Amino acid sequence: MAMQDIKRSRSVLNSLFSGALAGAVAKTAVAPLDRTKIIFQVSSARFSAKEAYKLIYRTYLKDGFLSLWRGNSATMVRVIPYAAIQFCAHEQYKRLLGGYCGFQGKALPPIPRLVAGSLAGITAAMLTYPLDMVRARMAVTPKEMYSNILHIFVRISREEGLKTLYRGFTPTILGVVPYAGLSFFTYETLKNLHAEQSGRLQPYSYERLAFGACAGLIGQSASYPLDVVRRRMQTAGVTGHTYGTILGTMREIVSEEGVVRGLYKGLSMNWVKGPVAVGISFTTFDLTQILLRKLYQKG
């Protein structure tokens, strides 16, 4: 039994570390695009690839190359625990549901596979939400307004109340369910289909990237309008808007900017950024897991 416990805690540590690394690598790779997307999501300016490029270029000229990664330290503070918890929780939920459905050690059937992904997303979002709120604020405010992460926490708590740190939480959870559920579901399903078709248990790295890209594309498209609503609610205090409820925010965005230009603003950029980030994230997670297992065996 002791050996079983050691193995289990090792696999938990394994997936926590692999998940943290996966999140950090993926998010840093797409940080400039992420920042640009948030700026468009929270303003009423029209989005186009040309405008996005102009914004990136203007930021580069005005504040230098590294300013494109402004807010990335706040992203890392959120993404590392978020990805670690999400990937680790996913492995645990898969194990629990596998035991519950009688599929221990085997690939889960479709519905439990979808549930495991959604539950992993909810768990991670609940535990790290205030850090996401802080990152959104950091991305849309000038450097002078908030000097660092701690400063934002203190100012928001003092000026707007602690409740503000969870503003936009409901649309986040509503968005996380289809996003995490479909992302994990698509990735796992493609891996299983690949193993059946090719007879190879482990896909090549480029195949993992492709599976992850498909997962990102499907997951992000399904939950995108809720992402826009969440960003508007999070940054309401600094953009001069008052967004109270999810439906109210949606109505206001649609009446001012229309459905496609409002609720799906920046989605085309997400179609570039999302698949790249999710592909890198899943691939990094899998390869780190494999590497750590090999090191354990050698050690």
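A cavity is a set of grid points where a 1.4 Å probe fits but cannot get out, and its lining residues have an atom within 4 Å of a point. The model described here is predicted.

**Cavities**

The structure contains three cavities of 30 Å³ or more.

| Cavity | Volume | Lining residues | Closest to the centre |
|---|---|---|---|
| Largest | about 690 Å³ | 38 residues | Lys27, Arg78, Tyr82, Tyr179 and Gln220 |

Six helices each supply at least two residues to the lining of the largest cavity: helix 1 (2-41), helix 3, helix 4 (110-140), helix 6, helix 7 (205-239) and helix 10 (267-298). Helix 6 gives the most, with eight residues. By residue type, the lining of the largest cavity divides into 17 nonpolar, 11 polar and 10 charged residues.

For the second largest cavity, helix 1, helix 3 and helix 4 each supply at least two lining residues. Here the largest share comes from helix 1, with five residues. The lining of this second cavity comprises five nonpolar, three polar and five charged residues.

**Aromatic pairs**

The structure holds 13 aromatic pairs. One of them joins Phe87 and Phe184 edge-to-face, with 5.7 Å from centre to centre and 80 degrees between the planes. This pair links distant parts of the chain, since Phe87 belongs to helix 3 (residues 72-101) and Phe184 to helix 6 (residues 169-198), 97 residues apart.

The angle qualifies because planes over 60 degrees apart count as edge-to-face. Tyr166 is partly exposed, at a relative accessible area of 38%, and Phe169 is partly exposed as well, at 22%. The value for Phe169 does not count as buried because that class requires under 20%.

Ring pairs also connect Tyr53, Tyr57, Tyr60, Phe65 and Trp69 into a cluster.

**Charges over rings**

Two arginines are placed over tyrosine rings. Arg10 lies over the face of Tyr296, 4.4 Å from the ring centre. The charged end of Arg200 sits over the ring of Tyr204, at 3.9 Å from its centre.

How values were computed. Residues are numbered from 1 along each chain as its sequence is written. This is a predicted model: local features need pLDDT of at least 70, side-chain atom pairs count only at pLDDT 80 or more; totals for chains, interfaces and linings use all residues. Side-chain values use heavy atoms; hydrogens and water are left out. Rings of Phe, Tyr and Trp (its six-membered ring) pair if their centres lie within 6.5 Å; planes under 30 degrees apart count as stacked, over 60 as edge-to-face and the rest as tilted. Helices (H or I, at least four residues) and strands (E, at least two) are DSSP runs, numbered from the N terminus. Buried means under 20% relative accessible area, exposed over 50%, partly exposed in between (1.4 Å probe, protein chains only). A charge sits over a ring if NZ of Lys or CZ of Arg is within 6 Å of the ring centre and within 35 degrees of the ring normal. On a 1 Å grid over the protein atoms alone, a cavity is a set of points where a 1.4 Å probe fits but cannot get out, and a pocket is an open set with protein on both sides within 12 Å along at least five of seven lines; lining residues have an atom within 4 Å of a point. Grid points are joined across faces, edges and corners, and a volume is the space filled by probe spheres set on the points. Ala, Val, Leu, Ile, Met, Phe, Trp, Tyr, Cys and Pro count as nonpolar, Asp, Glu, Lys and Arg as charged, and the others, Gly among them, as polar.
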